[in-house]
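Colleague: I'm new to this one. Can you walk me through it?
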Amino acid sequence: MIVSDKPPDDVQFRSVPVDPNKRGIKQKLSMVQSFAVALASRNFGNKKINTPIKQLRVLSCFGNQDQGGILPPCEHLIDSDVGEGKNYCGACGCGDKKTTWLVQEADEYSKLDYPKLACPLQMPGFTNYVVSTPDEAEEPVTRKYYIENVDYKEIRKVPVKIGEQPAPPPKEEIKTNS
Ligand code: SF4
């Protein structure tokens with residue numbers, strides 16, 4: 001078989017957009033993406049989360065409109081019927097109770113303070129975080145894409161307080177018949 005140097009006239013090649021995001025090739029992760037990927041890959045082996053992780057989680061769930069930003073709360077964030085001013089995740093399926101409330105700032109330990117915590121939307125700050133897909137960069141962008149590309153200074157402004165984990169109940173003393 002003779003292979004010609006020139007392609008035949010009838011062969012068509014598909015053109016691709018110049019923007020690498022639209023071709024499914026990301027040249028470089030954004031700072032927030034790299035940070036969130038690194039956190040997720042560590043699988044939160046720590047006993048306690050730290051402030052940057054909670055700030056990312058709070059941004060993912062609550063947005064930043066209450067601090068003058070443009071990011072609305074997650075569509076799955078629901079106001080509690082039983083806890084005044086409390087919210088829970090409607091996509092997790094774990095209901096509206098004290099142990100499932102998502103609390104931004106409180107002394108009490110809340111769901112967002114758990115070192116290992118999954119989000120149904122795999123948002124930044126959670127253990128199961130997955131980087132946004134290229135189509136999420138198309139207007140209107142998704143909340144995940146927005147968070148991944150926000151200036152890191154904005155994340156550091158998110159007010160959070162990490163609740164103290166309650167001490168485990170004391171073990172019953174073992175009684176011996178001496
Ligand atoms: S889906 Fe994720 S980001 Fe949304 S409220 Fe639930 S845990 Fe938060």
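Colleague: What am I looking at, and what is the mean pLDDT of the protein chain?
Modeller: This is a predicted model. The mean pLDDT of the protein chain is 82. Of its residues, 77% reach 70 or more.

Colleague: Which elements have the lowest and highest mean pLDDT?
Modeller: Helix H1, residues 31-42, has the lowest, at 76. Strand E1, residues 77-79, has the highest, at 96.

Colleague: How many helices and strands are there?
Modeller: The protein chain has 4 helices and 2 strands. From the N terminus, the order is α-α-β-β-α-α.

Colleague: And what share of the residues is buried?
Modeller: Buried residues are 24% of the 178 in the protein chain.

Colleague: Is cysteine 74 buried or exposed?
Modeller: Cysteine 74 is buried, because 23 other C-beta atoms lie within 10 Å and the cut-off for buried is 20 or more.

Colleague: Which residues is it in contact with, beyond its sequence neighbours?
Modeller: Leaving aside neighbours within four places, cysteine 74 contacts Ser60, Cys61 and Arg143.

Colleague: How far is cysteine 74 from cysteine 89?
Modeller: Their C-alpha atoms are 8.9 Å apart. Along the chain, cysteine 74 and cysteine 89 are 15 residues apart.

Colleague: New topic. What does the largest nonpolar core look like?
Modeller: That core has 27 residues. Val58, Leu59 and Leu102 have the most contacts inside it. H1, H2, E2 and H3 each supply at least two of its residues. H2 gives the largest share, 6 residues.

Colleague: Why would nonpolar residues gather like that?
Modeller: In soluble globular proteins, nonpolar side chains tend to be buried together.

Colleague: Tell me more about H2. How many residues does it have?
Modeller: H2 has 12 residues. From first C-alpha to last, H2 reaches 16 Å, close to the 16 Å expected at 1.5 Å a residue.

Colleague: Why call H2 largely enclosed?
Modeller: Because 10 of its 12 residues are buried, H2 is largely enclosed by the rest of the structure. Among the buried ones are Ile53, Leu56, Val58 and Phe62.

Colleague: What follows H2?
Modeller: Glycine 63 does, with a positive phi near 70°.

Colleague: And valine 58, which residues is it in contact with?
Modeller: Leaving aside neighbours within four places in sequence, valine 58 contacts Gln104, Leu112, Val158 and Val160.

Colleague: Which residues does leucine 112 contact?
Modeller: With neighbours within four places set aside, the contacts of leucine 112 are Lys54, Arg57, Val58, Leu102, Val103 and Leu117.

Colleague: How far apart are leucine 112 and glutamine 55?
Modeller: In sequence, leucine 112 and glutamine 55 are 57 residues apart. In space, C-alpha to C-alpha, they are 9.8 Å apart.

Technical notes: Residues are numbered from 1 along each chain as its sequence is written. This is a predicted model: local features need pLDDT of at least 70, side-chain atom pairs count only at pLDDT 80 or more; totals for chains, interfaces and linings use all residues. pLDDT is the predictor's confidence in each residue, from 0 to 100. Two residues are in contact if their C-beta atoms, placed from the backbone, lie within 7 Å. A nonpolar core is a set of buried Ala, Val, Leu, Ile, Met, Phe, Trp, Tyr and Cys residues joined through C-beta atoms within 7 Å. The expected span of a helix is 1.5 Å times one less than its number of residues.
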